[in-house]
Amino acid sequence: MRSLTVLYDSDCELCRRIRAWLEGQPAYVNLLFVPAGSDEARRRFPELDHAATLAELTIIGDNGAVYRNGKAFLICLWALRDYREWSLALASPELWPIARRFLVWMSNRRFQIGEITPVHSTGQD
């Protein structure tokens, strides 16, 4: 796999911050970002339920594989040079149930978390 398309909620502050963080990480796999539910997303992936992509993180591999929710988060980590080992550890039978519950919890509260998490200045203002 050479690229992954990340459908993210562009109306969600936390989602936008995570996108910016992901874009700044060295990666094994190219990450492309498309706002979920956008005209571009509908054009590129007409087979998807686009209302669902606004409710759950969705990632599409260049091989056609579709990852949703917690598995989508893990594939993002897997794509990154510094976090691939984390993705493999979190996907283990011992940790996956805990990681999945945490990721669902975060996803369900992403708007509230985005409102309360501080924005760190990069010093480039």
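This talk walks through the salt bridges, the cysteines and the aromatic contacts of one predicted model.

Ground rules, quickly. Because the model is predicted, local features need pLDDT of at least 70 and side-chain atom pairs count only at pLDDT 80 or more, while totals for chains, interfaces and linings use all residues. Residues are numbered from 1 along each chain as its sequence is written, and side-chain values use heavy atoms, with hydrogens and water left out.

Salt bridges to begin. Side chains of opposite charge can pair when their charged atoms come close. My cut-off is a side-chain nitrogen of Lys or Arg within 4 Å of a carboxyl oxygen of Asp or Glu. How many salt bridges does that rule give? The count is 5.

Take E13 and R16. Their side chains form a salt bridge, at 2.4 Å from N to O. Both residues sit in helix α1, residues 13-23. They are 3 residues apart, about one turn of the helix. A word on naming: helices (H or I, at least four residues) and strands (E, at least two) are DSSP runs, numbered from the N terminus. Now exposure. Buried means under 20% relative accessible area, exposed means over 50%, and partly exposed is in between, with a 1.4 Å probe and protein chains only. E13 has 29% relative accessibility, so E13 is partly exposed. R16 is also partly exposed, because its relative accessible area is 35%.

Next, E40 and R44. This salt bridge has its closest N and O atoms 3.5 Å apart. The two residues are in helix α2, residues 39-44. They are 4 residues apart, which means about one helical turn between them. E40 comes out at 34% and is therefore partly exposed. R44 has 31%, so R44 is partly exposed as well.

Now a bridge between separate elements. E56 and R68 meet through their side chains in a salt bridge, 3.1 Å from N to O. Which parts does the pair tie together? E56 is in the loop between α3 (50-55) and β3 (58-61), and R68 is in strand β4 (residues 66-68), so the pair ties together parts 12 residues apart in sequence. R68 is partly exposed, at 36%.

N69 is not a glycine, yet its phi is positive, about 50 degrees. N69 belongs to helix α4, residues 69-79. Its relative accessibility is 33%, so N69 counts as partly exposed.

Cysteines, briefly. A disulfide is a covalent bond between the sulfur atoms of two cysteines. The test here is a pair of cysteine sulfur atoms within 2.5 Å. How many disulfides does the structure hold? It holds 0. C12 is buried, at 0% relative accessibility. C76 is buried too, at 4%.

On to the aromatics. Rings of Phe, Tyr and Trp (its six-membered ring) pair if their centres lie within 6.5 Å; planes under 30 degrees apart are stacked, over 60 edge-to-face, the rest tilted. Searching the whole structure gives 2 aromatic pairs. One is Y8 with F33: centres 6.3 Å apart, planes at 75 degrees, so edge-to-face. Y8 is in strand β1 (residues 3-8) and F33 in strand β2 (residues 30-35), so this pair links distant parts of the chain, 25 residues apart. Both Y8 and F33 are buried.

W21 and Y83 also form an edge-to-face pair, 5.2 Å centre to centre with 65 degrees between the planes. W21 lies in helix α1 and Y83 in the loop between α4 and α5 (84-90), so the pair ties together parts 62 residues apart in sequence. W21 has 36% relative accessibility and is partly exposed. Y83 is partly exposed, at 27%.

One charge over a ring. The criterion is NZ of Lys or CZ of Arg within 6 Å of the ring centre and within 35 degrees of the ring normal. R84 lies over the face of W78, 4.0 Å from the ring centre.

Where is Y28? In the loop between α1 and β2. Y28 is partly exposed, at 44% relative accessibility. What does Y28 touch, with contact meaning heavy atoms within 4.5 Å? Leaving out residues up to four places away in sequence, Y28 touches W78, A79, L80, R81 and R84. Y28 and D82 are 54 residues apart in sequence, and 9.5 Å apart in space, C-alpha to C-alpha.

Technical notes:
Contact = heavy atoms within 4.5 Å.
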